[in-house]
Amino acid sequence: MREIIFAAALFLAAIAQVTVAPLFPIQGAVPDFVLVTLITFATWAGPRTAMVSLPIVAVFLGFAGNREPGLLILAYLPLLPLGLFIDEANLPFSRFVQVLLTAAGTGLWARLVMSAGAFIGGAEVSLSGLLFLVLVPGLFLDILLVTFAYLPFRLMGKQARPMTLQRGTFSG
Amino acid sequence: MVIFSRYSWWVAAMIGLALFLTAAGQVGILGPFQNLFLQAATPVEKAFDGIFRPVASLLSDFDDLRSLQEENRQLRLENEKLQNRVTELELDAARVQELEKALEITQSDTSQQKVAANVVSHDSSPFTDVISIDRGSNDGIQPGMNVLSSQGSLIGTVTKVTPDHSFIRLITDSKSKVNAQVRDTQVEGIVKGGPNRTITFDLAQAEVKVGDVIVTSGLGGNYQAGIPIARVTEVKGTPQDLFAEVKLEPLVRLSTVQTVLVLTSFVPQRLDLDD
């Protein structure tokens, strides 16, 4: 049952990315619902769930938006290694800030990879456009959306999970 | 790199899967799966669109209230001018017909076949602007066909077709390039999409004025000649400049388009599409 709910959420996230997100742009950037969904899964359901979810949602989004699923996998790939790195760096920040840092880093990487894909595909290269229309507003949107997604779980009293893979346990 | 060693097998598997999916996409293995997915997704896409588009319109209209009032006033004036122009053109057309009859000129068949379709998704980023529609190869749509708004202005080109769906690259996509000309002066140039869904009229070697209407020139064979594309909103540059910087605004608000017409009677002569 849990797996069906997760699969449905991934399906809806991919569809929302190509229907709802373009309706609410800031500058040129649009909200990244797929990233928010993956961060939410990794934080509250555990890294194993995110590991399985990433390729599935990449394929869904690739099909819905006619994008390269392979490129989308590479775009969201740093999520778990970066989350683990931030976990283990013993930074003097709360868990919430650590999740925001993970989202910000992965979001920047994802937008860079997708823009690079567009440039390689023939789009005119514009570094100022990349910085001011994609990365900066994208960063703002990612932090805003992850905050909105994080707070309800905290208000329900849930504890965010670490990104560490634990041997012999099932967190998904 | 302890971090990567813990996730190394997973990262390696994902890179392998990414390469496999890219290769599979290139040879078309994913096509049937994509079609199945789109069939399942279309009702959900329509539902999302029905719920969120009015919200977005409301926010947008609230934001643009003052400019909309001014635009409305301008449009009324323009509408009046156009009504007069239509009357003139109708008279001209009747006269041309009479002359053609008198000269026994056989008019070529200019009828256009179009397929109407609903927009089901709009995938947009600062460098890409792609929509999908609920018609595909089963309806006679082929890659490269021109896509028009319901008012008849160019909005893009079909880039990929599945049996029941098609993907359209809009003119605001930064990969889009359309050979075009100024309608009244025939000054030629290229309408190019730029970052953040902007469009420009490049390489125009003569004077272009604000308000000029740009239409397809038909050069290159990818677009039918004479389709209206956009209106000039800004011209920058001095007479010494070889090319002025000409900014355009599409004749239709592309973000709110819900119905499009695919021009099935025009099959491009040359295709240089990359997907």
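Predicted model: local features only at pLDDT ≥ 70, side-chain atom pairs only at ≥ 80, totals over all residues.
## A helix pair in chain A

Let's start with helix H1 of chain A (residues 2-19) and helix H2 of chain A (residues 33-45). Their axes sit 8 Å apart, and the two helices pack at an angle of about 155°. Angles over 145 degrees count as roughly antiparallel, so that is how H1(A) and H2(A) run relative to each other.

Who does the touching? On the H1(A) side you'll find Ala9(A), Leu10(A), Ala13(A), Ala14(A), Ala16(A) and Gln17(A), while H2(A) brings Phe33(A), Val34(A) and Thr37(A). By type, that makes seven nonpolar residues, two polar ones and no charged ones.

## Where chain A meets chain B

Next up is the contact between the chains: 41 residues of chain A touch 42 residues of chain B. On the chain A side, the elements that put in two or more residues are H1, helix H3 (47-65), helix H4 (69-76), helix H5 (79-88), helix H6 (95-120) and helix H7 (127-155). H3(A) gives the most, with six residues.

## A barrel in chain B

Chain B has a barrel, closed by six strands in the order E6-E7-E8-E11-E10-E9, with antiparallel pairing. Going from one strand to the next, the twist averages 40°.

For a closer look, take strand E10 (residues 228-236) and strand E11 (residues 245-250) of chain B. They run antiparallel and are joined by six bridges. If you want a residue pair to find on screen, Val232(B) has Leu248(B) in E11(B) as its bridge partner.

In soluble globular proteins, nonpolar side chains tend to be buried together. Here, the largest nonpolar core has 65 residues, and those with the most contacts inside it are Ala14(A), Leu38(A), Leu54(A), Val57(A), Ile73(A) and Tyr76(A). H3(A) turns up again, supplying the largest share of this core with 10 residues.

Ala14(A) is worth a click: leaving out residues up to four places away in sequence, Ala14(A) touches Val34(A), Val57(A), Phe60(A), Leu61(A) and Ala64(A). One of these, Val34(A), also belongs to the contact of H1(A) with H2(A), as does Ala14(A) itself.

Key. Residues numbered from 1 in each chain as written. Chains lettered and ligands numbered in written order. Axes fitted to C-alpha atoms, helices over the stretch in contact; angles between N-to-C directions. Helix = DSSP H or I, 4+ residues; strand = E, 2+ residues; numbered from the N terminus. Parallel < 35°, antiparallel > 145°, perpendicular 65-115°, else oblique. Contact = placed C-beta atoms within 7 Å. Nonpolar A, V, L, I, M, F, W, Y, C, P; charged D, E, K, R; others polar. Pairing = 2+ DSSP bridges. Core = buried A, V, L, I, M, F, W, Y, C linked by C-beta atoms within 7 Å. Buried ≥ 20, exposed ≤ 12 C-beta atoms within 10 Å, placed from the backbone.
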